[in-house]
Every structure is written in C-alpha cells, then in structure tokens.
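Please view the structure alongside the text.

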Amino acid sequence: MMRGAVAAERHKPAAACLVRPFDSNDASFVREIFQNSPQAGAFAPDSSEQPSGFAGPLALVSESQGDVTGFLLGREVADEAEIFNLAVAPHYRRQGHAAALVTSALEGMSSRGIQRVFLEVRESNFGAISFYEKLGFIKNGRRKGYYRHPDEAAITMEKKLTG
Ligand SMILES: CC(C)(COP(=O)(O)OP(=O)(O)OC[C@H]1O[C@@H](n2cnc3c(N)ncnc32)[C@H](O)[C@@H]1OP(=O)(O)O)[C@@H](O)C(=O)NCCC(=O)NCCS
C-alpha cells in the first residue's frame, strides 16, 4: 500500500497504530493532517524549517497500515515540557491514535526527568479538552485572546509526571 496521509472521506476499520519519531519524509503528510485540523495548534512541522529542539519523543507521528495518521509536537526546557500541537487525520479519529502519541511522549518525558507538562487548547475545543482530561491533564488557567482566526481564549492545562 502507498504510504501517505489519508483523505478525510476514506473509511477503514480501526487498526492498531505505531508511534515513531517524525522524520523529514513525513512533513507533507503531517502538513495535510494539519490542514484538515483547523482546531490544531498554530505550528506545523516543515522539513525545511524544523526548529532546533524538535527531535526524538517531542516530534512524533502515528502510523497505521502504511499511513501517517497523526502527529505530536512539543519541546522540553529543563524539567518542564510543552505540547504545542497534536492532530489526527479526521478519518482516523476515535481509534486511540492521539492517546498513543501522548502516552508515548509522556513516557519519554518521564524517563528524562520531566516533572510537568503544559499545553493550551482553544476554549471551544471541548473534544480535545475531554481527551486531555482523560489522560490526566487538568485545567489550570485561561488566556484571553490567545488565539487568532478566530479570536478565542485558550484553556491552559497541565499534568504532573511522577517518575
Ligand atoms: C483531539 C484529537 C487529537 C483526538 O484524537 P483521537 O485520535 O481521536 O483521540 P483518541 O482516539 O486517542 O481518544 C482517546 C479518548 O479521548 C476522548 N476523546 C477523544 N476525542 C474526543 C472528542 N472529540 N470528544 C470527547 N472525547 C474525546 C475519548 O474519551 C477517547 O476515548 P473513546 O474514543 O474510547 O471514547 C483529534 O480529535 C484531533 O486531531 N482534533 C483536531 C486537532 C485538535 O483539536 N488538537 C488538539 C489541540 S492542539
């Protein structure tokens, strides 16, 4: 089967996914997922402008049956980390791929001594807020006017890691 991101209208039965580090060959597939995910964070990875620090467990993709199905981007500073962006192709949602991405990222962070993980999400993005709450993140604040197009507040969330 050809490797690639998936069009929103295709349908497949749920299949297990694997999580692996992002590499530059994934950039176009990740960009397609990003473009199909208007509620995602602002930053999309690009092979030609990958910021330093995006490596290993903080730049991950999920893959199923040869398709890149989702991605997670974040960064670590000292003993804290931030998840910048997370999205799964619409066709692959509610099959556990985002949970696999976040769980893998958290395991890597924990093994490197990260103590707390932060993220922001659009206030209206109830699905993502529920998703993160299910994984143990708690709401810890609100940033008015944080997002543009459209203007919207961010809900800030955090999770403490315990070794
Ligand atoms: C949020 C998002 C990443 C979730 O991806 P996903 O692969 O569908 O999530 P999972 O299948 O791993 O969900 C695990 C659990 O989280 C919860 N969850 C996930 N999506 C949910 C939704 N839309 N509404 C309510 N709960 C949700 C459920 O409890 C789910 O378990 P269940 O399907 O057994 O009920 C995906 O909907 C997405 O890409 N949205 C657009 C981009 C975005 O909003 N990113 C987050 C902000 S940066």
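Buried means under 20% relative accessible area, exposed over 50%, and partly exposed in between, with a 1.4 Å probe and protein chains only. By that cut-off, seven of the nine residues of strand S4 are buried. Helices (H or I, at least four residues) and strands (E, at least two) are DSSP runs, numbered from the N terminus.

The model is predicted: local features need pLDDT of at least 70, side-chain atom pairs count only at pLDDT 80 or more, and totals for chains, interfaces and linings use all residues. Residues are numbered from 1 along each chain as its sequence is written, and side-chain values use heavy atoms, with hydrogens and water left out.

**Strand S4 and its partners**

- Strand S3 (residues 67-77) pairs with S4 in the antiparallel sense over eight bridges; two strands pair if DSSP finds at least two bridges between them.
- Glutamate 76 has alanine 81 of S4 as its bridge partner.
- Two residues lie between the strands in the hairpin of S3 and S4, where alanine 78 takes a positive phi near 55°.
- With S5, S4 pairs in the parallel sense over four bridges.
- Leucine 119 in S5 stands opposite isoleucine 83.

**Helix H3**

- H3 spans residues 126-134, and Ala128, Ile129 and Tyr132 are buried in it.
- Seen down the axis of H3, these buried residues fall within an arc of 100°, so they line one face of the helix; the arc is that of the directions from the helix axis to the C-beta atoms.
- An α-helix has 3.6 residues a turn, so residues three or four places apart point the same way.
- Phe126, Gly127 and Lys134 are exposed on the other side of H3.
- The buried residues of H3 pack against strand S4 (80-88), helix H2 (97-111), strand S5 (116-122), strand S6 (138-147) and strand S7 (152-160), where contact means heavy atoms within 4.5 Å.

**Ligand surroundings**

- There are 19 residues around the ligand, of which Leu86, Val88, Arg94, Gly96 and Asn125 come nearest; a residue counts as near if one of its heavy atoms lies within 4 Å.
- A polar backbone atom of valine 88 is 2.8 Å from an oxygen atom of the ligand.
- For glutamine 95, a backbone N or O atom lies 3.2 Å from an oxygen atom of the ligand.
- In the side chain of asparagine 125, an N or O atom is 2.7 Å from an oxygen atom of the ligand.
- On its own the ligand has 900 Å² of accessible area, and the protein covers 78% of this; such areas come from the Shrake-Rupley method with a 1.4 Å probe.

Key
Polar contact = N/O pair within 3.5 Å; in protein donor to acceptor, adjacent residues only side chain to side chain.
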